[in-house]
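Subject: Structure handover

Hello,

Here is the structure I said I would pass on. Please open it and keep it beside this message while you read.

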Amino acid sequence: MFVLTFIYISIYTGTVNSEPYKSNPSLIADYSHKYINTLAYLFPLMFSNFICSIFANYAVIVDKAKRNIESLMATPVSIKQIWMGKSLAVTLPSVGIGIGISILAYLVLDIGFVMHYTHSFISPASSPLSPH
């Protein structure tokens, strides 16, 4: 996750420091809008998947270590209900944490890197398909 973040930073700074962008602030602003839109819609998915996999692995390991899975299988609850309960217990906190981390990462990248070149805070578009 952190490697991808640094790759996005290097792509942005490399593009903005290239020859056609150096002398044209409107090109920098347009590219910055596209960059921020990509990050605003990509980060929540990446971080949610990452955190969800950590929680899912932890839940399975703890159940195996404490031998809880045998107790759950002996109850009158179906396997589908056990699976749904564990999935919801992993997914809901992961999505919340993923969105929170994404907002923080977006603010750091926008304030720390994009504002250096555009001299303004750039907010993402309301839809990933809209240009600004």
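Below are notes on confidence, the core, one tyrosine and one aspartate.

This is a predicted model, in which local features need pLDDT of at least 70 and side-chain atom pairs count only at pLDDT 80 or more, while totals for chains, interfaces and linings use all residues. Residues are numbered from 1 along each chain as its sequence is written, and side-chain values use heavy atoms, with hydrogens and water left out.

Confidence. pLDDT is the predictor's confidence in each residue, from 0 to 100. The protein chain has a mean pLDDT of 78, and 92% of its residues reach 70 or more. Helices here are DSSP runs of H or I with at least four residues, numbered from the N terminus.

The core. A nonpolar core is a set of buried Ala, Val, Leu, Ile, Met, Phe, Trp, Tyr and Cys residues joined through side-chain atoms within 4.5 Å. Buried means under 20% relative accessible area, with a 1.4 Å probe and protein chains only. The largest such core has 17 residues, and those touching the most other members are Tyr-12, Tyr-35, Ile-36, Phe-43, Leu-109 and Val-114. Helix H1 (2-16), helix H3 (25-66) and helix H5 (79-118) each supply at least two of the core residues. H3 gives the largest share, eight residues.

Tyr-12. This residue is in helix H1 and is buried, with a relative accessible area of 0%. Leaving aside neighbours up to four places away in sequence, Tyr-12 touches (heavy atoms within 4.5 Å) Tyr-31, Ser-32, Tyr-35, Phe-113, Val-114, Tyr-117 and Thr-118.

Rings of Phe, Tyr and Trp (its six-membered ring) pair if their centres lie within 6.5 Å, and planes under 30 degrees apart count as stacked. There are three aromatic pairs by this rule. Tyr-12 and Tyr-31 form a stacked one, 5.8 Å centre to centre with 15° between the planes. Tyr-31 sits in helix H3, 19 residues from Tyr-12. Tyr-12, Tyr-21, Tyr-31 and Tyr-35 form one aromatic cluster.

Asp-110. This residue lies in helix H5. Asp-110 is buried yet has no salt bridge (a side-chain nitrogen of Lys or Arg within 4 Å of a carboxyl oxygen of Asp or Glu). The nearest side chain of opposite charge, Lys-34, is 16 Å away. Tyr-12 and Asp-110 are 98 residues apart in sequence and 11 Å apart in space, C-alpha to C-alpha.

Regards

Definitions and conventions:
Buried < 20%, exposed > 50% of the residue type's maximum accessible area, 1.4 Å probe, protein only. Phe/Tyr/Trp six-rings, centres within 6.5 Å; stacked < 30°, edge-to-face > 60°. Lys, Arg positive; Asp, Glu negative; His and termini not counted.
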